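The following paragraphs lead through selected local features of one protein model. Please keep the sequence and the coordinates at hand while reading.

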Amino acid sequence: MKDFLDKREKGKLLIQRNRRLKKNLLRPMQLSISEDGYIHYGDKVMLVNPNYPEREETGLFQCGDLSLCMTPDEITAHLHDELEVPCGLSATLTRIPVGRNTFTILSAGKDATGQVLRYGQDFYLGITGGFENKMLYLSSDHRTLLKSSKKSWLQEVYLTDEVSHLNCWQASFLDPQLRLEFEGFPIRANEKIVIYHRHTNRGLAVHRNLFLRTYFGKEVEVAAHTHLDSHRVEKPKNHWILVTGSPRKDSSTMLDLPKLPAEDTQTTEQALGLDTQ
């Protein structure tokens, strides 16, 4: 009993550690509001893989808009109240910006805070996880026999506190036929793009049919792999949206706002028999 009371006073009980870790990871965050409609260095955004219909995947399939989240190891999370590196990643069905899914766009070279992010430029994706004075970077490296994603055995994506060339990413225009023409153009916020790892040239992807048991429940796998269709075009697994904050008080992200009639063309195209995905 003395040992128990002593640990409780020092905050070293298992339940106290878990509460502190979850409090930080689930802490509400404020996304950056884009005034000119573009993404800038220093912006806080969510990385969201937009919903698409189930087609080639067999078995269970996670529908809806999935956001990229940091996922600490379940066993390690029970032993420590701080983030351990390297830290894993997953995708889950949430639209609320919290500590574990709010990323910061960082410049790979000299400080460029406030400048517009452009197609083809190197950038880092940093995340604090709700902690202060702690920054982890989205990273990846070539897969090996001992290092790969858990379910698909493809190239692993993880978070680390080491700054290196493995942290660099680039954004590409969604349509490959117009990709060269848009090189160097500003990236619009809340629109579909493809994110490539600079060192390995693999696209960031979500596998909605591969489920992981995580510290926060059942979520899906994230890996670095470019999935191409018969036309050599990236599949929806590789599509991402850099979601910014909403200027309205009744919604936290731009995903919560209804689309304008001119923008919501998917229903019309589907009625005409056009393939929009």
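Phe-185 is partly exposed, with a relative accessible area of 45%; partly exposed denotes the range between buried (under 20% relative accessible area) and exposed (over 50%), computed with a 1.4 Å probe on protein chains only. The model is predicted, so local features need pLDDT of at least 70 and side-chain atom pairs count only at pLDDT 80 or more, whereas totals for chains, interfaces and linings use all residues. Residues are numbered from 1 along each chain as its sequence is written, and side-chain values use heavy atoms, with hydrogens and water left out.

A pair of aromatic rings is described by the distance of the centres and the angle of the planes. Rings of Phe, Tyr and Trp (its six-membered ring) pair if their centres lie within 6.5 Å; planes under 30 degrees apart count as stacked, over 60 as edge-to-face and the rest as tilted. Phe-182 and Phe-185 form a tilted pair, with 5.5 Å between centres and 55° between the planes. Phe-182 is partly exposed because its relative accessibility is 27%.

A charge sits over a ring if NZ of Lys or CZ of Arg is within 6 Å of the ring centre and within 35 degrees of the ring normal. The charged end of Arg-100 is placed over the ring of Phe-216, 4.0 Å from its centre, and that of Lys-22 over the ring of Tyr-215, 5.2 Å from its centre.

What surrounds Glu-234? This residue touches Leu-174, Pro-176, Arg-179, Val-194, Tyr-196, Thr-226, His-227, Leu-228 and His-239, not counting residues up to four places away in sequence; contact means heavy atoms within 4.5 Å. Glu-234 lies in the loop between strand 11 (217-224) and strand 12 (239-243), strands being DSSP runs of E with at least two residues, numbered from the N terminus. Glu-234 is buried, as its relative accessible area is 6%. Its side chain makes polar contacts (a pair of N or O atoms within 3.5 Å; within protein, one must be able to donate a hydrogen and the other to accept it, and residues adjacent in sequence count only if both atoms are side-chain atoms). The partners are the side chains of Tyr-196, at 2.5 Å, and Arg-179, at 2.9 Å.

How values were computed:
Helix = DSSP H or I, 4+ residues; strand = E, 2+ residues; numbered from the N terminus.
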